[in-house]
Structure formats: structure tokens, C-alpha cells
Amino acid sequence: MARTIEADVVILGAGISAAMLAEKLSEAGSEKILVVEAGNKIFNLDERTARRERFLAYGENPWPDDHIRGQTAKGITSRTMAVGGLALHWGGTTPRYTPEDFRVHSLYGVGYDWPFSYDDLEPFYFEAEERLGVAGTPGPPELDPRSKPYPLPGFPLTYNLTELKKWAEKSEIPFWPNPVAKNTIPYRGRNVCMRCDTCNICPTGAKYTPEFTFQKLLEEKKVDLVDRMLVRKLVLAEGSDRIDHAVALDRDKPDEPVEIRGKTFVLASGYCWSSHLLLLSANDRFPDGLANRSGLVGKYVTGHRPVHAFLEAPLRLYPGMFAGDSLLSKHFQRAKAGHQGRYVRHDLRIWESSFGRDPRIQDDQGALLLGDAILDDWRKRSKTGVARMRAYYDVIPARESAITLDPERKNPWGDPLPRIDFVDSDWSKELREHTESEIRSVYERIAAAGHGKILSLEVDDKTYDHPGGGCRMGADPATSVVDPLGRAHDHENLWVVGAPTIVSSGCNNGTLTFAALTLRTASAMGAS
Amino acid sequence: MSENARRTFMKTGAALASALALPSCARENSQETAAAPAGKPQTLAAVAAIVLPAASLGEDGVRRVVEGFRKWLDELEPVAELDHAYIFTDEILYGPPDPEPLWRAQLEALELEAEKRHDASFDAIPREEQEALLRRQLPSNPGTGLPDPARAPHVALGLLAYFYQTGEANDLCYERAIERTTCRGVESGASEPPARRS
């Protein structure tokens, strides 16, 4: 007989979307909330200084065992599967999408409109910024619209970024500090950033990571959390389309079956594993997977493609001053149309860099350098500065861009693993050369205006960054998996939150948008 | 690294750190008491004086780097789980095996060649001969950049790679107190970094 765990709301996954959802739902206080995570619980603030030192010295994973052996997807995704999710490793970058991202079809005749506008999401953007603790300095209002100031004051620009901002703005492209979920003042019980410049392992806890939210909720007994519990299937109630329970595997007692029962189920497992679980849950009535009458579960997965560049700038810079800090511009996201009237939208970021200026042991003639000759050579090559730049442009999702069950790979417990195949839509295929050419011209414009030069330019072919989709939202059940609020069209007590629900991936880092979407869903769940 | 080997390297390292501070006649005497398996402690010290920027670091600085390198090697965990990217993680990667046995053998090889060519220990032969000998034993094409320290194919390159990933090396290059990866205040970094503290 199966061990049974019961709750009112069962949240599957314990990443940033789950943290936002659990916190907001718990504030109503009337329902028993259970968070189920397949990976480990890593609450390690007191170990982080030591972990950071080993990361710096040896490159060790500061979040050891943040993954499950054998539970892997083939394709672009993270191996991280733990309480905190991918956001354990994130850099805390939290820009919003722009209003145009929600209306690209109406405005530009390409891609898909979202079922709501930026204005509809704006209050939830702010709520997400408050809950995460986003520090920012607003950009020009016409480029960076927002109804309220950032919850936390922005970081002062480093010397390097101040110089790079002046230099890059000679091109008449405005830049401003990239907003981040890091404390510039004590906030929500967490410390102020000490600019350790190892944001993948923040030793002070100034950077938001979801396990802080879960720790607080657990201490206050507002939620229950079980980790190392892999949910393998969702099962419908007899004669109904409602989800009755989840079949799970306790990784510490794999021979003891577990059933998790709830009134409401929420998939908060990220873009890959949310679709994967729905596909795994196929049954007689839903032979293609739950929530999949449309046939779109796992489809329309998307991300943005990066175009990287390193530009030499005639500046004296000092690499090593908080290399994670950056400048942002949305100048090319709000443009009505690109050059020649064709659709081009992308963001722009700038970081300090030491590209091409690292110490070396062979000179240009191939002679081996030793002793002070290495330092002398390094000094000579470091007289001018380098800007690392990156543009994300949106890849318009294609139906064929999909997560499927891999017929050739199973996890250690016999379940088919996901396979992810990204495909550009016909729109993106047609626009690609033009888009990348336009981005190149932007880099050339910045270099020329600042009397610099492009040292390197690379389109990252294999990357669809900040991926999402697979359970895309929409008003029409024939063309979407969940409704505009995140509820599955096919199952009244099943919701999906965060990255899987996006319609398109915009041109900015996605985490804040995933969090805002989740909070919007949480409001709807509360109302229902 | 086995516990025995680790302890041996530690012992040798501690001895070489002391040896660096000694005048040459005292170093000759200290050879008699050096720990055997890791070679004479002076060997690594002599290698450090050749490959590190000794003119900029000074004798104390070179000794400090060698001590740091020894501690780093002592605390290295072979085949450790390595950090992985935020999103793109096809597989979990693990670090290399313990480089200490290879590096120990390379230090011993420097001694052997010095004995065979000069009938003297490596640290006792002239500086130019030391460098020539070391260059002969380094890989013929070590590449342009510095390797991951733990994957360095030669102990001299391991020492170099270890040093040049430190904030101290970065400060030496720019001659400013940038103090990379030093935790400090939220307001810091807004001004041009001050001159490096010597």
C-alpha cells in the first residue's frame, strides 16, 4: 500500500516560481501547502564562505549534489534540480520585458501576441521586484517604463562601468545599470551585498535565492516541504478530468510507493520538467499526455539567441572590479522597426572584461616566457580596456521546437527522459541574417564612435538562453495549454507557473518575468 | 592525494619555505635533512625564483606564493565535482586526478639532471643553468595561455597558473589595489582603484 501525503495545494518543484507561489498563497493562511522537490534541500548559508573559497581556488561546485544522477534531459537545460532550482546559480539579473514583447504580432506582423499586455503584468512585475528585492536605477522612462521606483536603491556604478558608459554612449545609445536581485540595503532579513563578485555563490546572502523564502516559510510553519521526492506521474480522479494524486518516488525509499493527494496541483518545475511530467502522465483519456488535448504540451519552446562581442576601448580600465556588474540598454527593443523596415529587436549589455589581456607564457613569436617577462608582457597588453558586449535577440518560437519523451533514454527508475529540440520558426529563419547583421552594425557603431575596434564577434548558434515554453498560455484551448492565468484548459485543478507558460522569450533575461507571471497566477488561484 | 603523500608534500613545502630565507651555505646544509620522496625542498623554491616575477614580488613575495601553492595543493580534492553553468549543463564535470605524484617526479627529475650534468643539486647550479635545465624539461609546446592549475602538465606551470589566478597577480599587472574577489562594501569600487600596496 502506498504511503500517502495530503495537502490542499501541491506545488511540484521548488525553484524561484515555486517560492513566489508558496509565499503568496501562504499569506492567505487558510490552505495547507505542500512543496515537493525531487532534488536535495541545500540550506547552506553558514557554509558559503568556505564553499566560495573552494570555488575560487579549485572551481568546485559551490552547490554540491544539486542534481540527480541519471535525471537528465538531452538538449538545452540545467542539471540543477534542488530546492532553489536554477536560481541557486543565477547572477540575480532582473530586467523586465518591454511592452512590445507582448504584442509583436500586432506591432510587427511576426510571432505571437500574449493574451494580455505589459500593463496587465506591470503590477506583478513590481510585486516580484519587491519579493525578490530588486535594486535598480531606472533607465529613461520611454525605454524602461515602470509605475514605481525600484524597491531597493541601485548599486553605484563601478569605476570601470562609469568609464564604459561614457565611452559607449558616444554612439548615442543610452545605457543604464542592469537591475539585480541583490541587496543594497538590509532587506527581508538578508544582508547587504559586499561585492564579493562571486554571485554564483553569494557568501553574505545578499543575492536572492529561493531557499531563503522556503526556510522562512518552513520556520513559520506556513508550508510543508519534502525533498528527494521525484514525482513520476499525475493521475486523474475516476471519471473526471481533475487531478486526483501524484505518484512519487522517495529517493531514500525507492521501493515504497508514495501518493501525494491534493485539491489543487501546480506545476512549478521549470520549462523542461513541467512538460515532461505532463507527457509522462498519459492515460487512456489523454493518450498524448495530460493537459494535451491541443497537442501543444512541450511545443513552442523558445529562448533568445546571444550575439557576443569584445570591443577594445581606448580607456584605462582595471578588470577585477566586480566583473558581474553590467550596463543595459533597451534602445533596440522599443524601436518601431529596424533598418530597411524589417523586424529587429534586441537588448544590449556591457561588462568590464580582460578578453585578450590574460597573462600568457608564449609571446607572439612562440617564445616561452618565464619570470618577470610574463608580467612585463601582460602589462604591455593591458594598457587599453575591453568591453564585453552581448545582444539577445528573440527567436520566435516554432511549433516544432519541442520537448518530447526520448525513446532511447530512461532514468534509473525506468521513466523516459526528456529530449529537447529547439527549432527557429520560419519568421526567425527568414530574419536571422538580417538581425545578426543589424547587431553587428550596432557594435561597429559603438566601436567607431568611441575610437575602438571589434576584437571578436560571435553568434552563439547552439544557445537559446533563458528558455521557456512548452505549456504556453492563451485564451484559445486549441492553440495553448494553459489559459491566460495559468490554469490548464483541460484540468480545472491543475495550474502551471513560470517559464513553461511564456508565449515568447523576449530579448531580456527571463527570471523576473517568470516570477511576475507566477504571482499573477497566484492571485488568480487565490481568487478562485 | 593519499594522506602519506599529502603529508610529505606539506613537510617538504614547509621546509622549502624556510629554506628560501636561508643563505646559500645554510641551504646546502639543510639538504641533508630534506624529506626524501618529494625531493629536496629547495628544488621548488629554485623553480619559483625562475618562473615567478621575482623582481616584482621580492624574495618574501616569492616565498609567500610558494607557501600558498603548497597549501593549495595540499587542500586540493582530486576529481572534485566542478561548478556548472546556470542553464547549460549537459553533464556534471569532475576535476583532474591529484597532480602531486607527477609534479613530485618532475622536481626529482630536475635534481637528477642537475646531478648528471653538473654534479650538483639543482639549487646549487648557476641561475642561467637552472633556467636552461628547466626549459629543457618543460613541455615543448605548453600553449599560449596558462592552464587550469590542477591540470598543469608540469609543476612549474602549475605554480605559474596558481599565481596568475590570484588577485595579487592582477594587482601587480595593473599596479593598483583592485583586490579582485575581495569582499568589501556596497559603495566600494566607484573610484579608480588606489595604487597597489607594496
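Two residues are taken to be in contact if their C-beta atoms, placed from the backbone, lie within 7 Å. With that in hand, here's a look at this predicted model, starting with chain A.

Take the contacts in chain A between residues at least 6 apart in sequence: 71% of them join residues at least 24 apart. The secondary structure of this chain comes to ten helices and 18 strands. As for overall dimensions, a compact globule of 528 residues would have a radius of gyration near 24 Å, and chain A agrees, with 24 Å. Its C-alpha trace spans about 75 × 55 × 45 Å along the principal axes.

Now over to chain B and a pair of its helices. Two packed helices are described by the angle between their axes and the distance between the axes. Helix H5 of chain B covers residues 100-118 and helix H6 of chain B covers residues 127-137; their axes come within 10 Å and cross at roughly 125°. That angle makes H5(B) oblique to H6(B), and H5(B) passes H6(B) in a right-handed crossing.

Who makes the contact? The residues on either side are set out here.

| Helix | Residues in the contact |
|---|---|
| H5(B) | B:Gln106, B:Ala109, B:Leu110, B:Glu113, B:Ala114, B:His118 |
| H6(B) | B:Glu129, B:Leu133, B:Leu134, B:Gln137 |

Sorted by class, the contact of H5(B) with H6(B) has five nonpolar, three polar and two charged residues.

Note on methods. Residues are numbered from 1 along each chain as its sequence is written. Chains are lettered from A and ligands numbered from 1 in the order in which they are written. This is a predicted model: local features need pLDDT of at least 70, side-chain atom pairs count only at pLDDT 80 or more; totals for chains, interfaces and linings use all residues. Axes are lines fitted to C-alpha atoms, for helices over the stretch in contact, and angles run from 0 to 180 degrees between N-to-C directions. Helices (H or I, at least four residues) and strands (E, at least two) are DSSP runs, numbered from the N terminus. Angles under 35 degrees count as roughly parallel, over 145 as roughly antiparallel, 65 to 115 as roughly perpendicular and the rest as oblique. A crossing is left-handed if the near helix is turned anticlockwise from the far one by less than a right angle, and right-handed if clockwise. Ala, Val, Leu, Ile, Met, Phe, Trp, Tyr, Cys and Pro count as nonpolar, Asp, Glu, Lys and Arg as charged, and the others, Gly among them, as polar. The radius of gyration is taken over C-alpha atoms; the globule rule is 2.2 Å times the number of residues to the power 0.38.
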